[in-house]
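Here is a short report on helix packing and nonpolar cores. Please keep the model open as you read.

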Amino acid sequence: MARQPKRQDIDHVLRKWDYDPSEISVRLVETSDGREVLQMRVELGVLQLEVENRPDGSRPGGAETYFDYLVGLAIHDSDFQMTEEQCAEADREFIQFYHRRICWLALRMFRRAVEDADHNLAFMDFARDHVASEEWVQSHEQYRPFILFHRTQAAALAELEDVGPEAAIEEVNQGLARVREFYDAGEEPNGFDDDEMVGRLVELRESLREQYQVGQTLTEQLTEAVQSEQYELAAKLRDKINRRHSA
């Protein structure tokens, strides 16, 4: 048997980085060739993830991600349906992007967390249209509210840092609307009201209001004006919103 090169173990890494089951331990480090990678300490060792494209660094079929690869196949085949093997490969990518999303959230790099949530949501949309097994689709769709929760939380906190509390509240409202749309299209009439993640997003929104002393946002005022048929006020509010967005 050929002798293996010395120092292939990672004992020195694990000794200097204790595992704590009560928190997510993540760091951004530079490799020997100068690129940045994410590392997450897990019970049995360390996960290392690339920060761009697919977290494992592979290029399925030469594409940046497996999702991109499948989209390319579908473009050239109007009747494209994912095979069982392709569904299994899709699951691998879902999990990889989930792990990286958790890393970005732990590091408070919220825009990157939004990007990875959007990747999985778009991949789920694609799979919903190109997987024949309704059972497989539903087994994945059940996680959509959870991904939307992460996306909304990250987007709101990013807006809070970059724009301000009112923009953060608007992001929460938009996220809640997406979750409600999901439940309204399904077979759980009370799903939205019973969802724990919805409650946590509402708590986030109200804590932002209280902490930063924000009343109704312009969009909330607009919604109320339309519902009460105050159309002149609604027009003024729309103009004000448009001016803000174009500023």
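A nonpolar core is a set of buried Ala, Val, Leu, Ile, Met, Phe, Trp, Tyr and Cys residues joined through side-chain atoms within 4.5 Å. Buried means under 20% relative accessible area with a 1.4 Å probe, protein chains only.

## Basis

This is a predicted model: local features need pLDDT of at least 70, side-chain atom pairs count only at pLDDT 80 or more, and totals for chains, interfaces and linings use all residues. Residues are numbered from 1 along each chain as its sequence is written, and side-chain values use heavy atoms, without hydrogens and water.

## Cores

The largest nonpolar core has 35 residues. Leu 70, Met 82, Phe 123, Phe 126, Val 131 and Trp 136 touch the most other members. Another core, of 16 residues, lies apart from it; Val 26, Leu 49, Trp 104 and Leu 105 are among its members.

Trp 136 touches Cys 87, Asp 91, Phe 94, Ala 127 and Val 131, leaving out residues up to four places away in sequence. Contact here means heavy atoms within 4.5 Å.

## H4 and H5

Helices are DSSP runs of H or I, at least four residues, numbered from the N terminus. H4 (residues 110-130) packs on H5 (residues 134-141) at about 160 degrees, with axes 9 Å apart. Axes are lines fitted to C-alpha atoms over the stretch in contact, and angles run from 0 to 180 degrees between N-to-C directions. The two helices are therefore roughly antiparallel (over 145 degrees).

From H4, Met 124, Ala 127 and Arg 128 meet Trp 136, Val 137, His 140 and Glu 141 of H5.

## H3 and H4

H3 and H4 also pack at about 160 degrees, with axes 8 Å apart. They are therefore roughly antiparallel.

Methods. Parallel < 35°, antiparallel > 145°, perpendicular 65-115°, else oblique. Buried < 20%, exposed > 50% of the residue type's maximum accessible area, 1.4 Å probe, protein only.
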